Amino acid sequence: MSEQFDIVVIGSGSAGIAAAISAARAGCTTLLIDSRAAAGGTGGFNGLTTLCGLYTEDGEFLNDGFCREFAA
């Protein structure tokens, strides 16, 4: 990898996602990495819906604010 970043966050659990979004909002070039293919950390891996339950069965978005920003 030849790119450079101001901030690299390791771990895409709730704290890592919040840290990466906060850094990006502050204008830092930010990279969020995790050992798993999908974000959500242990909660996402275990099927918890705090970060994973973003849409209804019909594909409608359930939440605004941080959740919508995370999904984007």
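Of the 72 residues in the protein, 19% are buried, where buried means under 20% relative accessible area, exposed over 50%, and partly exposed in between (1.4 Å probe, protein chains only). The model is predicted: local features need pLDDT of at least 70, side-chain atom pairs count only at pLDDT 80 or more, and totals for chains, interfaces and linings use all residues. Residues are numbered from 1 along each chain as its sequence is written, and side-chain values use heavy atoms, with hydrogens and water left out.

The secondary structure comprises 4 helices and 2 strands, taking helices (H or I, at least four residues) and strands (E, at least two) as DSSP runs numbered from the N terminus. Along the sequence these elements follow the pattern β-α-β-α-α-α. The average pLDDT, the predictor's confidence in each residue from 0 to 100, is 78 for the protein, and 74% of the residues score at least 70. Among the elements, β1 has the highest mean pLDDT (95), while helix α3 (residues 49-52) has the lowest (51). Of the contacts (heavy atoms within 4.5 Å) with a separation of 6 or more, 32% are accounted for by residues 24 or more positions apart.

The two strands come next. Strand β1 (residues 7-10) pairs with strand β2 (residues 30-33) in the parallel sense over 4 bridges; pairing requires that DSSP finds at least two bridges between two strands. V8 has L31 in β2 as its bridge partner. From β1 the chain passes through α1 to β2 in a right-handed β-α-β crossover, meaning that, with the strands pointing away from the viewer, the path from the first strand over the helix to the second runs clockwise.

Buried in α1 are G16, I17, A20, I21 and A23. These residues lie on the same side of α1, because they cover an arc of only 160° around the axis, judged by the directions from the helix axis to the C-beta atoms. On the other side of α1, S14, A15 and R25 are exposed. S14 belongs to α1 (residues 14-25) and has a relative accessible area of 54%. The C-alpha atoms of S14 and A39 are 8.9 Å apart in space, although 25 residues separate them in sequence.
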